[in-house]
Amino acid sequence: VNIDLDRMAQRIGTASEKYPVQAAAQCQDLYQQVLSSSKLDADVVTLNTVLKAWSRVAGAIAETHLNHNNNSPSDIDFARMPSIPIYTARDAAEYATKMLLDAEQSEENDKNKKILPDRTSYNAAIDAWA
């Protein structure tokens, strides 16, 4: 699962990924599925990869605004992501921060394993604000 998540996250911010918010939302959905699965184990790498995805979204949106090209957030197909309202780089950074704080405060999951953020987790959230 971590390899698949990493591939998805790595595409965000590249020319081949036209809809970075939707790609990060797909990473988020997969993360939630892993957390609720009895057959798959999530770990801090899983958390960090999704945080990295949201960080890359913040960067992609900020870069789009700086370059003033045609692939702007107004081109986002919001029908493809009805549950995660990310419109600006700040929204993506706030979402990454919220996810980090949720992980810090979470109770043990169904598998009696709490996923504690590490240095990489905090760096990914900080990168989202950069």
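The legends below describe close-up views of a predicted model. Residues are numbered from 1 along each chain as its sequence is written, and side-chain values use heavy atoms, with hydrogens and water left out. Local features need pLDDT of at least 70 and side-chain atom pairs count only at pLDDT 80 or more, while totals for chains, interfaces and linings use all residues.

**Figure 1. Overview of the chain.** The chain holds 5 helices and 0 strands, in the order α-α-α-α-α from the N terminus. Helices (H or I, at least four residues) and strands (E, at least two) are DSSP runs, numbered from the N terminus. Of the 130 residues in the chain, 39% are buried; buried means under 20% relative accessible area, exposed over 50%, and partly exposed in between (1.4 Å probe, protein chains only). Among contacts with a separation of 6 or more, 72% are between residues 24 or more positions apart, where contact means heavy atoms within 4.5 Å.

**Figure 2. Helix α1 against helix α2.** Helix α1 (residues 2-11) packs on α2 at an angle of about 165°, and the axes are 9 Å apart. This makes α1 roughly antiparallel to α2. Axes are lines fitted to C-alpha atoms, for helices over the stretch in contact, and angles run from 0 to 180 degrees between N-to-C directions. Angles under 35 degrees count as roughly parallel, over 145 as roughly antiparallel, 65 to 115 as roughly perpendicular and the rest as oblique. The α1 and α2 crossing is left-handed, that is, the near helix is turned anticlockwise from the far one by less than a right angle; clockwise would be right-handed. From α1, Leu5, Met8 and Ala9 meet Ala23, Gln26, Cys27 and Leu30 of α2. By class, this contact of α1 with α2 has 6 nonpolar, 1 polar and no charged residues. Ala, Val, Leu, Ile, Met, Phe, Trp, Tyr, Cys and Pro count as nonpolar, Asp, Glu, Lys and Arg as charged, and the others, Gly among them, as polar.

**Figure 3. Helix α2 along its length.** The 17 residues of α2 (residues 20-36) reach 25 Å from first C-alpha to last, close to the 24 Å expected at 1.5 Å a residue. The expected span is 1.5 Å times one less than the number of residues. Buried residues of α2 include Pro20, Ala23, Cys27, Tyr31 and Leu35.

**Figure 4. Helix α4 against helix α5.** The axes of α4 (residues 89-105) and α5 (residues 119-129) come within 8 Å and cross at roughly 160°. The two helices are therefore roughly antiparallel to each other. Contacting residues include Arg90, Ala93, Ala96 and Leu100 of α4, and Tyr122, Ala125 and Trp129 of α5. The contact of α4 with α5 has 7 nonpolar, 2 polar and 3 charged residues by class. The crossing of α4 past α5 is left-handed.

**Figure 5. Surroundings of Ala96.** Ala96 is a residue of helix α4 and, at 0% relative accessibility, counts as buried. Not counting residues up to four places away in sequence, Ala96 touches Leu51, Trp54 and Ala128. Its C-alpha atom is 9.9 Å from that of Val57, 39 residues apart along the chain.

**Figure 6. Surroundings of Pro117.** Pro117 sits in the loop between α4 and α5 and counts as buried at 15% relative accessibility. Leaving aside neighbours within four places in sequence, Pro117 is in contact with Val44, Leu47, Leu100, Ala103, Glu104 and Tyr122. Asn48 is 69 residues from Pro117 in sequence and 7.9 Å away in space, C-alpha to C-alpha.
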